[in-house]
Amino acid sequence: MMANPFDLTGQVAVVTGANTGIGQGIALALAAAGADIAAVGRSAATETVEKARALGRRAEIISADLSTIEPVDRIVDEAVEKLGGIHILVNNAGIIRRNDSIDFTEEDWDAVVDTNLKSVFFLCQAAAKKMIPRIENEGGRGKIINIASMLTFQGGIRVPSYTASKSGIGGLTKLLANEWAAKGINVNAIAPGYIATNNTAALQADADRNRSIMERIPAGRWGSPEDMGGAAVFLASAASDYVQGHVLAVDGGWLAR
Ligand code: NAP
């Protein structure tokens, strides 16, 4: 019988921002596919870890504030120490700040770009430094999944640092794929559409914005964190071994309009 190419048994997945929202949805989808989970974040991902363990996986919390790159080496060291390796990295932690560009502050610029882009690059680097020697010595593969956005493709409005960071994620994903594909690491991204999480609470609460968003989504509804699971399992698994530098929109058809 052909092996299941989506099976993640024996793989260790490090997921940032795994306590809630898209990060939790992805962590639990990877766990359901067989992966052990290192749930990284500044808020303890207790619920995520408990649910992953209930699926029969090993799961550990790694406390880290990714507003600076200070914790990146420790995160991968702890994943190796607690779970024996790092095969999959999901860079999901992210923030958004809204204001008119004319009034936008340096603080709101730096906070978003540092968390959403700078820390992502240096965590990719730290993970690849563990993945590459392991792949050279033992075989196997490495999988990096960055969380992009519709604003990787579009401009958005009143979110200049967010758009810059997520557009940057698109470019960074391709650059890292170019450098690391031959070393056995797949670097790809998921671009979620409008997903009902804390991050979009303000939009969901704004009746006018909510209506105009819903009217534009061909699927006719906001996405859920669980909707990201299939794409994450695909990009984390052997099924995507020849997929490199791709930004996969999971958006209910938003970009098709
Ligand atoms: P969310 O519910 O607000 O979750 C964001 C996650 O990032 C939380 O776990 C949060 O931890 C973590 N985080 C933020 N700053 C951090 C820091 N300095 N250090 C460590 N962790 C930090 O939002 P979400 O919608 O699930 O967002 C997840 C990702 O998807 C983000 O990159 C976001 O830009 C992206 N995205 C979301 C949508 C959408 O429609 N929701 C669309 C496109 C892309 P705390 O709980 O401790 O704050």
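Which pocket is the space taken by the ligand?

Mentor: The ligand takes the space of the largest pocket. This is a predicted model, in which local features need pLDDT of at least 70 and side-chain atom pairs count only at pLDDT 80 or more, while totals for chains, interfaces and linings use all residues. Residues are numbered from 1 along each chain as its sequence is written, and side-chain values use heavy atoms, with hydrogens and water left out.

A pocket here is an open set of points, on a 1 Å grid over the protein atoms alone, with protein on both sides within 12 Å along at least five of seven lines; a cavity is a set where a 1.4 Å probe fits but cannot get out, and lining residues have an atom within 4 Å of a point. A molecule sits in either if more than half of its atoms lie within 2 Å of its grid points.

Around the ligand there are 28 residues, of which Asn19, Ser43, Leu66, Tyr162 and Thr197 come nearest (a residue is near if one of its heavy atoms lies within 4 Å). By class, this shell holds eleven nonpolar, 14 polar and three charged residues; Ala, Val, Leu, Ile, Met, Phe, Trp, Tyr, Cys and Pro count as nonpolar, Asp, Glu, Lys and Arg as charged, and the others, Gly among them, as polar.

Consider next the polar contacts, pairs of N or O atoms within 3.5 Å. From a side chain, an N or O atom of lysine 166 is 2.9 Å from a ligand oxygen. The protein buries 92% of the 880 Å² that the ligand exposes when taken alone (Shrake-Rupley method, 1.4 Å probe).

The largest pocket has a volume of about 1200 Å³, a volume being the space filled by probe spheres set on grid points joined across faces, edges and corners. Its lining comprises 46 residues, and Gly94, Ile95, Ile96, Tyr162 and Asn199 are the closest to its centre. Two or more lining residues come from each of α1, α5, α6 (201-205) and α7 (207-216), helices being DSSP runs of H or I with at least four residues, numbered from the N terminus. The largest share, three residues, comes from α1. In this lining 20 residues are nonpolar, 19 polar and seven charged.

Key:
Polar contact = N/O pair within 3.5 Å; in protein donor to acceptor, adjacent residues only side chain to side chain.
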